[in-house]
Each structure stands twice: as structure tokens, then as C-alpha cells.
Amino acid sequence: MLIAYREPFDPFSVKSRTVSADMTLRQMAEAVPVPPDFWEYGIAVVDGDVTRDFDQVPDGQNISLHLRPMGGGGEGGKNGLALVASIALLGGVGFISGGGLQTALGFGSAFAQG
């Protein structure tokens with residue numbers, strides 16, 4: 001079985017490692033670099049089913065390991081609305097700074113004519 005992974009903070013380099021198909025999810029996760037808090041907050045997805053039982057031998061074909069977003073919020077979770085709002089704000093700033101708002105309001109080109 002082939003495991004593909006990315007190093008932390010290097011999203012563009014994909015690396016791979018070969019593991020035995022009879023390994024547990026825990027053994028598979030230990031074969032690649034996982035963050036130290038993965039065992040407390042991480043999840044495994046086996047053919048679309050989420051599990052935290054890392055001691056099972058998965059029978060699925062598609063296995064992925066994920067670390068839930070952490071920090072922020074009063075109960076240790078992220079504020080989903082704030083995340084969506086910040087992404088929308090970034091898109092809006094790009095639209096406005098690119099002259100999209102001026103054109104949408106009918107003010108024409110930002111450049112002098114003549």
C-alpha cells in the first residue's frame with residue numbers, strides 16, 4: 001500500500017512511503033510525520049467513514065488522516081463564521097482593489113480618457 005503525504009508547512013511537496021496492507025491506522029500514521037497533538041485531536045477517514053479508532057486494520061481503499069482545526073473560540077474550537085467571513089473579506093478586498101466595485105457601480109474606467 002502506498003501512502004502519500006505532505007510535510008508540515010510545505011504544501012507543494014508530495015512525498016510517499018510504502019507500507020504493509022495489514023498495518024493498523026496507528027502504524028500507518030506513525031510511518032509519516034504527524035503533528036504531536038494528532039493522537040489527541042486527529043481523525044482517520046476510511047472510504048468516507050470517520051473514525052478515531054487508530055488500532056483497527058482498515059479494510060477500505062481510500063484512507064486519509066486529518067487534524068481538526070484547533071484554537072480560538074471559548075471551547076477550544078474554531079469559529080466557523082469568522083473563518084467564512086475572513087475568506088469573503090479577502091475576496092471582497094481583491095474585487096474592490098481591482099476596480100470591480102467602481103465598474104459595477106457604473107463609474108467607468110479609473111483611467112483618464114483623452
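Reply: The account begins with Phe54, which is buried at a relative accessible area of 3%; buried means under 20%, exposed over 50% and partly exposed in between, with a 1.4 Å probe and protein chains only. The model is predicted: local features need pLDDT of at least 70, side-chain atom pairs count only at pLDDT 80 or more, and totals for chains, interfaces and linings use all residues. Residues are numbered from 1 along each chain as its sequence is written, and side-chain values use heavy atoms, with hydrogens and water left out.

Phe54 belongs to a cluster in which ring pairs link it with Phe38 and Trp39. The structure holds three aromatic pairs. Rings of Phe, Tyr and Trp (its six-membered ring) pair if their centres lie within 6.5 Å; planes under 30 degrees apart are stacked, over 60 edge-to-face, and the rest tilted. The pair of Phe38 and Trp39 is edge-to-face, because the ring centres are 5.1 Å apart and the planes stand at 80°. Phe38 has 2% relative accessibility and therefore counts as buried, whereas Trp39 is partly exposed at 29%. Trp39 also pairs with Phe54: the centres are 5.5 Å apart and the planes lie at 90°, so this pair is edge-to-face as well. Trp39 lies in helix α2 (residues 38–41) and Phe54 in the loop between β4 (49–51) and β5 (63–67), so their pair ties together parts that are 15 residues apart in sequence. Helices (H or I, at least four residues) and strands (E, at least two) are DSSP runs numbered from the N terminus.

Arg26 lies over the face of Trp39, at 4.8 Å from the ring centre; the criterion is NZ of Lys or CZ of Arg within 6 Å of the ring centre and within 35 degrees of the ring normal.

Helix α2 also contains Tyr41, which counts as partly exposed at 23% relative accessibility. A polar contact of 3.1 Å joins the side chains of Tyr41 and Glu40. Such a contact is a pair of N or O atoms within 3.5 Å; within protein, one must be able to donate a hydrogen and the other to accept it, and residues adjacent in sequence count only if both atoms are side-chain atoms. Tyr41 and Arg52 are eleven residues apart along the chain, and their C-alpha atoms are separated by 8.9 Å.

In soluble globular proteins, nonpolar side chains tend to be buried together.

Thr24 lies in the loop between β2 (14–18) and α1 and is buried, with a relative accessible area of 16%. Apart from neighbours within four places in sequence, Thr24 is in contact with Phe54, Asp55, Gln56, Val57 and Pro58. Thr51, in strand β4, counts as buried at 15% relative accessibility. With the same exclusion of neighbours within four places, Thr51 is in contact with Leu25, Ile43, Ala44, Val46 and Gln56. The side chains of Thr51 and Gln56 make a polar contact of 3.3 Å.

The loop between β3 and β4 holds Asp47, a partly exposed residue with a relative accessible area of 42%. The phi angle of Asp47 is near 50°, a positive value in a residue other than glycine.

Of its 114 residues, 19% are buried.

Definitions and conventions: Contact = heavy atoms within 4.5 Å.
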